[in-house]
Amino acid sequence: MKQVRIGMIGYGFMGRTHSNAYLQSPRFFPTEHRPVLKAVCARNKDKAEEFADRWGYESVETDWRELLKRDDIDAVDICTPNNLHKEIAIAAAAAGKMILCEKPLAMNSAEGEEMVEAVEKAGVANMVWYNYRRVPAVTLAKQIIDSGKLGRIFHYRANFLQDWTISEDVPQGGTATWRLDVQAAGSGVTGDLLAHCIDTALWLNGSITNVTAMTETFVKERVHAETGEKKPVGIDDACAFLCRFANGSLGLFESTRYARGHKALYTFEVNGQHASLRWDLHDLHRLEYFDHADESKVRGWRSIHVTDSDHPYMGNWWVPGLQIGYEHTFIHQVADFLKGLDTGEEVHPTFRDALETQRVCDAVLNSAKQGNWENV
Ligand code: SOE
């Protein structure tokens with residue numbers, strides 16, 4: 001058994017999902033490599049110690065540079081706000097560490113390019129946590145599309161809708177609301193939510209060539225959680241875009257944090273010549289499938305309960321019919337990463353894959369600013 005000693009930087013919501021995944025992965029998906037929770041790093045020592053205690057990390061650090069100097073750390077997991085990804089990743093690559101980075105890869109594609117260059121030059125294993133690829137129903141959608149069952153693809157449609165920032169009293173900045181501060185996040189829903197939709201779309205339907213977008217910031221000023229000062233809001237609260245894919249299909253994407261009643265409604269639909277597929281995060285263990293080749297009298301949308309042992313990842317879980325959830329997507333991602341270390345094969349999405357998503361995000365934001373079609 002080879003150890004992969006993890007040093008995690010940041011301990012928020014994503015720190016919890018990843019820590020849980022490191023603990024569970026070897027229990028359900030045995031590999032030659034096994035994660036060891038070596039250190040968690042955060043500026044606040046008390047909070048870091050509390051987190052280490054709860055999740056079983058052996059030690060804490062309060063300065064990520066010290067963590068990178070340690071020779072008992074093999075892999076660095078970056079769970080910080082987006083504005084720190086680049087600096088940490090480049091330093092971690094120079095220190096020869098493997099890197100698992102939270103999404104989006106960077107603040108923008110210029111930063112992403114530097115990060116890709118750093119990991120490729122250092123030759124270190126790298127991966128970005130676009131976890132929704134590893135919902136079994138989404139992986140099944142990929143298998144069905146790749147088998148050619150849909151035929152020529154005409155349309156790809158995706159939404160990611162939330163409603164948690166409607167109140168003007170929600171601050172920007174700080175540990176809980178850095179996603180609303182453009183200095184920490186780089187962008188709003190485009191980098192935070194549409195990036196997921198774009199990653200899945202590129203994986204399922206190939207490259208996006210050009211886009212035309214609109215964005216809106218509904219609440220123009222918010223108090224900054226750290227200074228208490230009211231400041232202009234620099235992020236996009238909502239974004240919608242149209243695009244063309246290299247395979248000739250048309251794309252339609254929408255994301256907002258102002259869709260009252262929706263907490264995390266991620267849906268996509270793909271329409272092909274012979275068949276269509278659709279998926280909904282609120283029902284994540286189901287894949288809806290319509291096949292025009294079915295006998296016309298019984299033709300209709302079928303709802304596949306993706307829990308059978310021959311469905312992706314499901315053979316390693318319970319028994320057919322019993323479903324799994326959100327946290328398992330991270331467990332699958334760790335399992336695949338470790339399997340990649342066993343076989344020496346690259347595990348996707350790599351930094352380079354995530355850079356493509358970043359380029360689409362940049363084109364979307366530029367198009368919204370210029371009011372033009374933008375090439376990716
Ligand atoms: C934002 O609310 C958020 O937590 C994103 O940052 C995650 O990436 C997404 O999966 C759920 O929503």
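**Helices, a glycine and a ligand shell**

Analyst: Helix 9 and helix 11 are oblique to each other. The model is predicted, so that local features need pLDDT of at least 70 and side-chain atom pairs count only at pLDDT 80 or more, while totals for chains, interfaces and linings use all residues. Residues are numbered from 1 along each chain as its sequence is written.

User: Why are helix 9 and helix 11 called oblique?

Analyst: Helix 9 (residues 189-205) and helix 11 pack at an angle of about 125 degrees, and their axes are 9 Å apart. Angles under 35 degrees count as roughly parallel, over 145 as roughly antiparallel, 65 to 115 as roughly perpendicular and the rest as oblique. The pair is therefore oblique.

User: What makes glycine 12 partly exposed?

Analyst: Glycine 12 has 16 other C-beta atoms within 10 Å, and is therefore partly exposed. Glycine 12 sits in the loop between strand 1 (2-9) and helix 1 (13-28). Phenylalanine 51 is 39 residues from glycine 12 in sequence, with 9.4 Å between their C-alpha atoms.

User: Which residues are around the ligand?

Analyst: Gln162, Asp192, His196 and Ala264 are around the ligand, each with its C-beta atom, placed from the backbone, within 6 Å of it.

How values were computed: Axes are lines fitted to C-alpha atoms, for helices over the stretch in contact, and angles run from 0 to 180 degrees between N-to-C directions. Helices (H or I, at least four residues) and strands (E, at least two) are DSSP runs, numbered from the N terminus. A residue is buried if 20 or more other C-beta atoms lie within 10 Å of its own, exposed if 12 or fewer, and partly exposed in between; C-beta atoms are placed from the backbone.
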